[in-house]
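Please examine the structure shown here before reading on.

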Amino acid sequence: ADMKKAGGRFDLAIALGILATTDGALASALATTELYGELGLNGELRPIPGALPAALKAAQAGHAVILPAGNAAEAALSSARVFVASHLLEVTAHLKGTAPLEPLRGGIPPVGRVRVPDLAEVRGQQTAKRALEIAAAGAHNLLFTGPPGTGKSMLARRLPGILPPMTETEALETAAIDSIAGRGVDLARWRRRPFRCPHHTASAAALVGGGSDPRPGEVSLAHNGVLFLDELPEFSRHVLEVLREPLETGVITISRAGRQAECPARFQLVAAMNPCPCGHLGDRLGDCRCSAERVQAYQGRVSGPLLDRIDIRCEVPRLPCDALRPGATGDAESSADVLERVVAARARQEARAGCCNARLEGEILERTCELPEAGWTLLERAAARFALSARAHQRVRRVARTIADLAGEDGIAVAHIAEALSLRLGS
């Protein structure tokens with residue numbers, strides 16, 4: 001009774017509870033049946049948010065569940081015995097046995113066929129494409145830096161096309177979050193990894209979740225997928241700082257005076273930024289008019305601790321005009337070609353450690369990311385010269401492991417460490 005209620009999800013249960021006080025047949029039928037739905041004044045049942053997780057929990061408890069017809073698509077994804085109705089009278093007739101409802105026939109659908117942008121549409125930028133492939137293969141966080149209009153956002157938006165489909169468990173987790181957020185479940189995107197791109201004016205609550213009645217934020221809506229932050233320094237520094245914990249733990253805990261909610265937030269961060277306020281610092285064709293103080297203040301909006309959690313930093317330079325002609329940079333690989341290599345690399349990681357390389361920790365990290373003596377020497381010299389933290393030290397090894405997986409090699413070679421360092425240092 002002390003739990004705050006919000007919305008109309010319990011309307012149907014309250015109505016049947018009242019009716020059951022004078023009808024023994026209804027009372028006995030309710031013992032193994034859960035009811036959810038908003039009730040109109042005319043007895044019509046309206047859909048509610050959170051129907052999928054309710055159905056999943058009902059399945060675990062061995063209960064049947066009755067839901068509004070508007071929730072049928074998402075409820076069908078669960079293994080529960082689901083009945084859908086459009087009116088209160090249909091529910092009472094079903095529970096009394098006078099007009100039983102047919103159980104909903106569902107099941108797990110095939111992978112959605114929604115079209116995603118293709119990597120072949122990006123001309124040139126081979127280094128950036130390589131960085132994108134490595135990030136996809138190991139689920140590493142990635143930052144693109146370069147002048148305006150060089151293709152940073154275009155590259156980032158093609159990451160979903162080279163990511164392997166979610167497993168059924170991951171897809172159910174992501175669909176449950178969408179259901180709780182009131183977004184429903186889009187079966188056309190089933191098992192396709194989410195891609196969230198909040199505007200830089202988003203608040204901290206919009207990004208990580210919150211409100212008086214805590215709700216999932218962008219980091220949770222991007223669970224098992226990609227969170228893309230374009231124009232990274234334009235975000236409030238306070239907003240960016242709240243990303244640090246979920247980037248490490250994969251969960252976000254929202255605490256309020258009377259309630260605490262924990263939401264999953266295992267996402268892959270991809271960001272893009274200009275090198276300075278005008279965007280032309282280091283651009284051979286541009287004329288940067290920013291003072292050193294303005295550049296320092298602009299870049300300082302992204303803190304060192306947040307940058308330390310980004311595994312790959314890649315410059316995206318301006319291309320000469322002749323490189324933009326069709327066919328000028330050769331036949332570009334399609335997303336399908338790159339996806340094939342990414343899937344093979346992910347399969348090696350799952351077989352070896354049961355997770356992607358970006359999540360390697362502790363003993364498993366030490367066992368799977370062992371380096372040759374020359375590799376240790378190179379890494380230690382780079383760490384001393386560029387003041388790499390212990391976290392950065394581990395992340396370089398994880399990226400090197402991913403590069404080796406893409407090459408189909410069992411061990412990490414010096415060349416893999418060298419490439420991982422170049423990606424870490426943005427050079």
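The sections below treat helix packing, the nonpolar cores and some individual residues.

## Basis of the report

This is a predicted model, in which local features need pLDDT of at least 70 and side-chain atom pairs count only at pLDDT 80 or more, while totals for chains, interfaces and linings use all residues. Residues are numbered from 1 along each chain as its sequence is written, and side-chain values use heavy atoms, with hydrogens and water left out.

Helices (H or I, at least four residues) and strands (E, at least two) are DSSP runs numbered from the N terminus.

## Helix α3 and its surroundings

Helix α3 (residues 51-61) packs against helix α8 (residues 168-180) at an angle of about 125 degrees, with the axes 6 Å apart. Axes are lines fitted to C-alpha atoms, for helices over the stretch in contact, and angles run from 0 to 180 degrees between N-to-C directions. The two helices are therefore oblique to each other; angles under 35 degrees count as roughly parallel, over 145 as roughly antiparallel, 65 to 115 as roughly perpendicular and the rest as oblique. Ala 51, Leu 52 and Pro 53 of α3 make the contact with Leu 172, Ala 175, Ala 176, Ser 179 and Ile 180 of α8, where contact means heavy atoms within 4.5 Å. Seven of these residues are nonpolar, one is polar and none is charged. In this classification, Ala, Val, Leu, Ile, Met, Phe, Trp, Tyr, Cys and Pro count as nonpolar, Asp, Glu, Lys and Arg as charged, and the others, Gly among them, as polar.

The buried residues of α3 are Ala 51, Leu 52, Pro 53, Ala 54, Ala 55 and Ala 58. Buried means under 20% relative accessible area, exposed over 50%, and partly exposed in between (1.4 Å probe, protein chains only). Their cover includes β1 (33-35), β4 (64-68), α4 (72-75) and α8. Just after α3, Gly 62 has a positive phi of about 75 degrees.

## Two further helix pairs

Helix α6 (residues 126-138) packs with helix α15 (residues 335-353) at about 35 degrees, their axes being 8 Å apart. Glu 133, Ala 136, Ala 137 and Gly 138 of α6 meet residues of α15 that include Val 338, Arg 341 and Val 342.

The contact of α17 with α19 has ten nonpolar residues, one polar and no charged.

## Nonpolar cores

A nonpolar core is a set of buried Ala, Val, Leu, Ile, Met, Phe, Trp, Tyr and Cys residues joined through side-chain atoms within 4.5 Å. The largest has 49 residues, of which Leu 142, Phe 144, Leu 159 and Ile 312 touch the most other members. A second, separate core of 27 residues includes Val 239, Phe 267, Leu 269 and Leu 306.

## Positive phi in two loops

Most residues other than glycine have a negative phi. Glu 231, in the loop between β10 (226-229) and α11 (237-241), has a positive phi of about 55 degrees. Its relative accessibility is 29%, so Glu 231 counts as partly exposed.

Ala 387, in the loop between α17 (373-386) and α18 (390-406), likewise has a positive phi, near 55 degrees. With 66% relative accessibility, Ala 387 counts as exposed.
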